[in-house]
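I opened the model in the viewer and kept notes as I went. The entries follow the order in which I looked things up.

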Amino acid sequence: MVLEICCGNLASLIAAKRGGATRIELCSGLSEGGLTPSYGLIKAAVDSGIPEVNVLIRPRSGDFLYSEDELQLMISDIREAIKIGASGIVIGVLTADGDVDVEACRRLIEAAHNAAAEYGKPKPQVTFHRAFDVSRDAKSSLEAIISLGVDCLLTSGMTSTAVKGIEMLKKLMTLAAGRITIMAGSGINPSNAADIIAVTGVDAIHSTARKPIASGMRFRRPIVAMGAPGSDEYSSLTTSPDMVAALCKNIK
């Protein structure tokens, strides 16, 4: 059973390694659903020695319909991530009608393969992310993703959490028939991971394994928010090494 820990900052990366993670999805902006991480964070992840570092390629929050300029930006980010030493990329592009944009995804995958060849890196792993969960049709989207040669599909079962999406996850496992890894994600923690695996038969589990960490700031000005109105600037959700260790234990 594969466990992937989603890390959105340096503290989470360090915690994931301490907890025994051997595979991570690296991103930034988890409050916005995840965005492409910085060069420095990718390098820190690669240098940490974690065997598998999969980098999210998402240039902005919002939908997954991208302009040509945005696709070019994604291609540049893919090349840099592979050059630094990322072992894989995490992508997802949809058409305006909610189908998988096969041509756009093919270009991103080719960019990863070409960069690996140019920089003498192993063939990168490709994951299609939860853009799948807002696509128009599960079966046609799955078949399109498989046709692209994608290694792994991250999904909550087309709903808000993997627990709520259990029936769809079971269906996807049947439809996939071993042709692609199905990785359940969203709302997975040490208390429910084993049950989700047992009921759905999924191949992998994806979790942030986060808990709130209080800020070390003594001086505070709570009336000013840097993020969305009402956001708490003096705590952050950060991966917990204890939660990672518990997940590792519970899914064996």
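Is Ala 177 buried or exposed? I looked this up first: Ala 177 is exposed, as its relative accessible area is 57%. The classes I use are buried for under 20% relative accessible area, exposed for over 50%, and partly exposed in between, with a 1.4 Å probe and protein chains only.

**Ground rules.** The model is predicted, so I take local features only at pLDDT of at least 70 and side-chain atom pairs only at pLDDT 80 or more, while totals for chains, interfaces and linings use all residues. Residues are numbered from 1 along each chain as its sequence is written, and side-chain values use heavy atoms, with hydrogens and water left out.

**Positive phi.** I came to Ala 177 for its backbone: it is not a glycine, yet its phi is positive, about 50 degrees. Most residues other than glycine have a negative phi. Ala 177 sits in the loop between α6 (166-176) and β7 (181-185). Helices (H or I, at least four residues) and strands (E, at least two) are DSSP runs, numbered from the N terminus. I noted Ala 209 as well, a non-glycine with a positive phi of about 50 degrees. Ala 209 belongs to the loop between β8 (204-207) and β9. With 2% relative accessibility, Ala 209 is buried, whereas Ala 177 is exposed.

**Barrel.** I traced the sheet next. It closes into a barrel of 8 strands in the order β1-β2-β3-β4-β5-β6-β7-β8, with parallel pairing. On average, neighbouring strands of this sheet are turned by 25 degrees against each other, direction ignored. I count two strands as paired if DSSP finds at least two bridges between them. Strands of a sheet pair through backbone hydrogen bonds, either parallel or antiparallel.

I checked two of the pairings. Strands β1 (residues 2-7) and β2 (residues 23-26) run parallel and are joined by 3 bridges; Ile 5 has Ile 24 in β2 as its bridge partner. Strands β4 and β5 also run parallel, with 4 bridges between them, and Ile 91 has Phe 128 in β5 as its bridge partner.

Which way do the side chains of β5 point? Gln 125 and Thr 127 point one way, Val 126 and Phe 128 point the other way, and all are buried. In a regular strand the side chains alternate between the two faces of the sheet.

**Helices on the sheet.** Helix α2 (residues 39-47) lies across β2 and β3 (52-56) and runs at about 175 degrees to β2. Helix α4 (residues 102-118) packs on the sheet and touches β4 (88-91) and β5 (125-128), its direction making about 165 degrees with that of β4. Axes here are lines fitted to C-alpha atoms, for helices over the stretch in contact, and angles run from 0 to 180 degrees between N-to-C directions. Contact means heavy atoms within 4.5 Å.

I also looked at Val 199 in helix α7 (residues 193-200). Apart from neighbours within four places in sequence, Val 199 is in contact with Ile 166 and Lys 170. Its C-alpha atom is 8.9 Å from that of Glu 167, 32 residues apart along the chain. Val 199 is partly exposed, at 44% relative accessibility.

**Salt bridges.** How many salt bridges does the structure hold? I find 12, where a salt bridge is a side-chain nitrogen of Lys or Arg within 4 Å of a carboxyl oxygen of Asp or Glu. One of them joins Glu 52 and Arg 23, at 4.0 Å from N to O. Glu 52 lies in strand β3 and Arg 23 in strand β2, so this pair ties together parts 29 residues apart in sequence. Arg 23 is buried at 5% relative accessibility, and Glu 52 is partly exposed at 29%. Glu 4, Arg 23 and Glu 52 are linked in a network of salt bridges.

I logged another between Asp 47 and Lys 43, at 2.7 Å from N to O. Both lie in helix α2, 4 residues apart, about one turn of the helix. Asp 47 is exposed at 52% relative accessibility, and Lys 43 is partly exposed at 37%.
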